[in-house]
Amino acid sequence: MAGAELAAYSIVVGLLEGLYFAFMALGLNLVFGVVRMVNIAHGDLVVLGGYLAFVLFASMKVSGLASLIISFAAFFVLGVALYYVLVPKLQDSSDPEMFSFIAFFGISMIIEAAATLIFGEYPVSLPYSAVLGGSLILFGYGVPRVFLVMSAVSTAMLAITYYYLQLTGLGRSTRAMMQNREQALALGVNTKVATLFAFAYGIALAGMAGVFTPYVFGDIYAPAGSIITAVAFTIVIIGALGNPLSTIIGGLIFGVAYELLEVYIPSLAYVIVFIALLVIIVAKPGGLLGGEQREV
């Protein structure tokens, strides 16, 4: 009975974390889907969002919930700046995907070096009380209340993104570009505005997700960016690369699988998840929702 309760607990916690994982990886998939650029610095931007929340709380006692709004606004502005500095030039290059990989790798290194210089090599964290302290008992085990807030915020942002992509004129333009950029141009779609907004919005989602980094990944530390990027790519590929909304499926699958493995085979949790990723890449390169469903 105890084993069944532990399994049920792990699945519920995995679903809560899975919603966050989907939220965390959403910006990566959106940027690739619209701009066709590989943002290898995605995880570093998430870490940067965590550092911003830490600074706001440590210096001014700004709550984690308020940090979400501040992070979204700050990283949206950062996304606009990065767009004008990078995107037009990369899109005009002979190989946008490859050159974007190199450019964002450089940004990743800059963020990691700057974070190490400013905050040192030791991890920093946010107390649960920065968002919501305490825990609930579920199947005999404690679930931090912050996980409930985290999953609620993640669900809200996923819903907002769905509304943006499916029910707004800008979102329809964005989806048209994801399906066929040249055809969208021929039909008179303002691709520049749609691309700018989607790129900045994707960067803002990454920074916003960083507020919950210490509660999911343990701490905030500069080298964690590469790990988070790997996790985000895993989630995106489980769903479908280039289909932002499929990230929800990828996040939930990853969250449940990882939590179950953490409970039963903790030393091999990441290894088994990444092996499963390789199997998916070999068996179904377009992801579980690839093929025809890749078009949003």
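R36 is partly exposed, with a relative accessible area of 28%; buried means under 20% relative accessible area, exposed over 50%, and partly exposed in between (1.4 Å probe, protein chains only). The model is predicted: local features need pLDDT of at least 70, side-chain atom pairs count only at pLDDT 80 or more, and totals for chains, interfaces and linings use all residues. Residues are numbered from 1 along each chain as its sequence is written, and side-chain values use heavy atoms, with hydrogens and water left out.

R36 sits in the loop between helix 1 and helix 2 (42-60). Helices (H or I, at least four residues) and strands (E, at least two) are DSSP runs, numbered from the N terminus. The phi of R36 is near 60°, a positive value in a residue other than glycine.

R36 also belongs to the lining of the largest pocket, together with G33, V34, V35, Q91, P96, M177, M178, N180, R181 and E182. The elements that give two or more residues to this lining are helix 1 (2-35), helix 6 (169-179) and helix 7 (181-186). Helix 1 gives the most, with three residues. By type, the lining residues divide into five nonpolar, three polar and three charged. Here Ala, Val, Leu, Ile, Met, Phe, Trp, Tyr, Cys and Pro count as nonpolar, Asp, Glu, Lys and Arg as charged, and the others, Gly among them, as polar.

About 180 Å³ of space lies in the largest pocket. On a 1 Å grid over the protein atoms alone, a pocket is an open set of points where a 1.4 Å probe fits, with protein on both sides within 12 Å along at least five of seven lines; lining residues have an atom within 4 Å of a point. Grid points are joined across faces, edges and corners, and a volume is the space filled by probe spheres set on the points.

Contact means heavy atoms within 4.5 Å, and the contacts listed leave aside neighbours within four places in sequence.

| Residue | Helix | Relative accessible area | Contacts |
|---|---|---|---|
| T195 | helix 8 (residues 191-209) | 0% | V34, V35, Y83, Q91, M177 and R181 |
| L82 | helix 3 (residues 64-91) | 16% | V87, I107 and F199 |

L82 and A200 are 118 residues apart in sequence, yet their C-alpha atoms lie 8.2 Å apart in space.

Strand 1 and strand 2 pair in the antiparallel sense over four bridges; two strands pair if DSSP finds at least two bridges between them. L136 has V143 in strand 2 as its bridge partner. The two strands form a hairpin with two residues between them. F139 is found in the loop between strand 1 (135-138) and strand 2 (141-144). F139 has a positive phi of about 55° although it is not a glycine, and at 38% relative accessibility F139 counts as partly exposed.

Helix 10 (residues 224-239) has 16 residues and reaches 23 Å from its first C-alpha to its last, close to the 22 Å expected at 1.5 Å a residue. The expected span of a helix is 1.5 Å times one less than its number of residues.
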